[in-house]
Amino acid sequence: MTFLARHRIILPVVSLAVLLAATFYMQPRAMSYFGLNLLFNLAVPIALATIAQMMIIMVNDIDLSLGAFVSLAACVTATFLNDAPMLGLLILLALVLSYAVLGAVIHALELPAIVVTLGMSFVWGGIALFILPSPGGAAPGWLRTLMTVKPPFAPMAVVAAVFIAAVTHLLIMRSGIGTVLRGVGGNARSVARAGWSVIRLKALAYGLAGLFGVLAGMALVGLATSADANIALRYTLLSIAGVILGGGEFTGGKVSPTGAVIGAFTLTLAASFLSFMRLSPDWQIGAQGAILILVLTARLIFRQKGSEA
Amino acid sequence: MSVLSRPWLWSWLAAAAAFSLTLGLTSGRGAGELGYAALSFGAFAAIVGLGQMLVITLGPGNVDLSIPATMTLAATLALKAMGSDPGTAFLGLVIALAVGFGTGVANYALIFLLRLPPIIATLAASLIYQSLAIWSNRGLRIKPPAGLADFATGRFLGLPNVAWVGLALAILVWIVLERSVWGRWLLATGQNLRVARLAGVPVELVRASTYISVAVFASLAGYLLASFSGGAALNMGQEYLLMSIAVVVIGGSSIAGGNSNVPGVWGAALFMFLVVSMLNSYGAGAGVRNVLTGTIIIAIVIAASSRRART
């Protein structure tokens with residue numbers, strides 16, 4: 001195995017660095033506390049959603065309902081959590097628990113996760129519409145303060161990214177339970193033979209995904225100050241792209257939390273990159289697609305070198 | 001094999017149940033209108049569903065996420081070329097199908113040349129198609145030519161024309177799957193890619209033609225939908241992403257691939273429309289409607305999987 005193949009994290013880091021350098025070259029004023037904050041502000045909820053998706057991909061499943069779930073969490077945050085904090089907290093807790101139950105049911109009945117989450121996306125979206133039929137609500141004051149805080153040295157978005165990456169890295173890559181969870185994706189049967197309850201582990205992975213999904217919704221409301229039932233629907237696809245961009249694989253429990261956070265930031269930056277090039281905003285979505293393809297092409301080169309060695 | 005164990009039966013039973021529950025409310029009035037509407041709207045879901053079914057049949061990990069973007073792009077470019085002028089319907093159709101062919105080739109090129117997982121390849125490509133559609137659609141709202149709009153909303157022998165198109169496609173796909181070499185190759189590839197390759201099946205050719213077929217189906221659905229609804233819109237394909245996967249699974253095709261089910265796709269497409277109109281006629285709001293739709297999808301998947309376990 002070559003150096004590059006062993007250190008999968010290098011590619012996402014280099015991609016983000018190149019894109020960032022190009023942005024600074026194009027618009028030197030972005031290279032400031034304020035500029036960075038503007039560039040990456042909206043990346044924080046996407047990074048949290050990407051971590052949530054990573055938890056599911058880690059156990060070889062895929063979540064097509066994440067965007068609807070984050071929207072629902074945002075709606076609960078902007079209504080119940082603001083008006084009746086205790087009740088709001090209970091509802092969010094119930095959402096996390098329902099994700100854990102979902103994971104257990106998918107495993108116990110051997111259901112295809114892609115279809116069950118597809119159905120759940122209707123359910124989450126329906127509940128969100130029920131809570132907030134028209135856009136509105138308000139962000140709780142403390143959440144607003146938290147998301148717009150101006151720490152010294154580095155803007156909030158960067159500090160938050162480092163914090164999220166560090167916590168999830170410790171949890172997934174360094175801790176014992178994280179290793180077992182990745183093992184479920186690698187070979188569920190041997191994990192079971194080793195005496196672990198796979199159903200509990202799957203419930204834990206899904207529960208963690210639910211937790212980070214809820215956090216993503218809360219962070220989004222803190223930034224956007226209000227919510228609507230469709231606020232985060234595009235997060236489903238963005239989060240899948242972010243996990244893969246960050247060096248994750250769909251199978252085998254090969255994921256990287258740090259990479260996922262970097263992947264989410266790269267996708268966010270890709271969207272605003274073109275506006276610095278003064279190209280038409282029509283191409284913003286396309287730029288995300290093009291950069292996704294470019295980075296994955298680079299990964300192909302890495303992998304071929306790895307297999308030759 | 002008895003009739004009861006046919007996997008497509010369940011989607012038709014569910015559609016019939018939703019149909020009769022809706023009519024139960026009106027004590028039988030409006031049966032014809034409801035059936036007609038279900039066939040019209042179900043046709044679009046059935047056409048994209050047939051394409052998605054072929055891709056899903058290719059085996060685990062194969063799914064086309066670019067269907068909505070392909071629909072929108074094909075419809076936008078076709079309507080722009082036609083410019084509401086009479087007699088251009090055929091030109092528009094050719095352009096739409098050519099767009100579908102192009103996106104299909106592009107999707108497969110990404111999958112084959114860059115060795116990307118199909119989910120991520122079609123996802124990334126769809127972002128680019130979406131941008132192309134936005135760019136070419138800017139500020140335009142072109143109506144389809146009158147003749148084409150009449151065709152798309154018209155009827156023949158009492159059934160909507162779009163349903164005839166969807167029915168013809170379903171029969172074509174069914175014959176190809178059941179009776180042609182290509183269909184057998186597709187099923188063999190979906191059941192075990194390695195074994196199929198060793199047995200001499202041109203696996204990559206099968207994969208390429210499948211990804212092109214789904215895109216062509218999607219572009220046809222986009223062309224018809226735009227003609228049906230009086231113009232292309234940027235979000236016109238949005239609901240068909242989840243819809244295309246849902247009708248395949250509810251229709252009884254295996255999500256693990258290697259096993260496809262044409263009649264079930266049509267039954268599921270009708271069901272997806274009928275369940276919404278049933279909930280509407282019972283006065284359910286948008287929220288309740290979505291929750292129940294999702295619950296029903298999951299219930300059908302659970303029922304289907306436990307049925308497999310017994311047999």
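Okay, hi everyone. Before anything else, keep in mind that this is a predicted model.

Let me start in chain B. The pair to look at is helix α2, residues 31–57, and helix α12, residues 262–281; their axes come within 7 Å and cross at roughly 135 degrees. So α2(B) counts as oblique to α12(B), the cut-off for roughly antiparallel being over 145 degrees. As for handedness, α2(B) passes α12(B) in a right-handed crossing.

Which residues of α12(B) meet α2(B)? On that side we have Val262(B), Val265(B), Trp266(B), Ala269(B), Leu270(B), Phe273(B), Leu274(B) and Ser277(B). Coming at them from α2(B) are, among others, Leu34(B), Phe41(B), Gly42(B), Gly49(B), Leu50(B) and Met53(B), plus a number of alanines, including Ala37(B) and Ala38(B). Sort that contact by class and you get 17 nonpolar residues, three polar ones and no charged ones.

Now over to chain A for the other pair. Here helix α13, residues 235–245, and helix α14, residues 257–276, have axes that come within 7 Å and cross at roughly 120 degrees. That angle makes α13(A) oblique to α14(A), and the crossing is right-handed. From α13(A), the contact uses Leu238(A), Ala241(A), Gly242(A) and Leu245(A). From α14(A), the partners are Gly259(A), Ala260(A), Gly263(A), Ala264(A), Thr266(A) and Leu267(A). By class, the contact of α13(A) with α14(A) has six nonpolar, four polar and no charged residues.

Back to chain B, and what the record says. An unreviewed UniProt entry lists "transmembrane region" for several spans of chain B, among them 34–56, 89–110 and 116–135. How does the model draw those? Take residues 34–56 of chain B: the span is 100% helix and 0% strand, with its end C-alpha atoms 31 Å apart. Residues 116–135 of chain B come out as 90% helix and 0% strand, and there the end C-alpha atoms are 26 Å apart.

Last stop, a single residue. Ala98(B) sits in helix α4 of chain B, residues 89–113. Is Ala98(B) buried, exposed or partly exposed? Its relative accessible area is 46%, so Ala98(B) is partly exposed; exposed would need over 50%. And if you want a distance to check on screen, go from Ala98(B) to Val165(B): they are 67 residues apart in sequence, and 18 Å apart in space, C-alpha to C-alpha.

That's me done, thanks.

Definitions and conventions. Residues numbered from 1 in each chain as written. Chains lettered and ligands numbered in written order. Predicted model: local features only at pLDDT ≥ 70, side-chain atom pairs only at ≥ 80, totals over all residues. Heavy atoms only, no water. Axes fitted to C-alpha atoms, helices over the stretch in contact; angles between N-to-C directions. Helix = DSSP H or I, 4+ residues; strand = E, 2+ residues; numbered from the N terminus. Parallel < 35°, antiparallel > 145°, perpendicular 65-115°, else oblique. Left-handed = near helix turned anticlockwise from the far one by under 90°. Contact = heavy atoms within 4.5 Å. Nonpolar A, V, L, I, M, F, W, Y, C, P; charged D, E, K, R; others polar. Buried < 20%, exposed > 50% of the residue type's maximum accessible area, 1.4 Å probe, protein only. UniProt positions renumbered as here; feature names shortened; annotations may be inferred.
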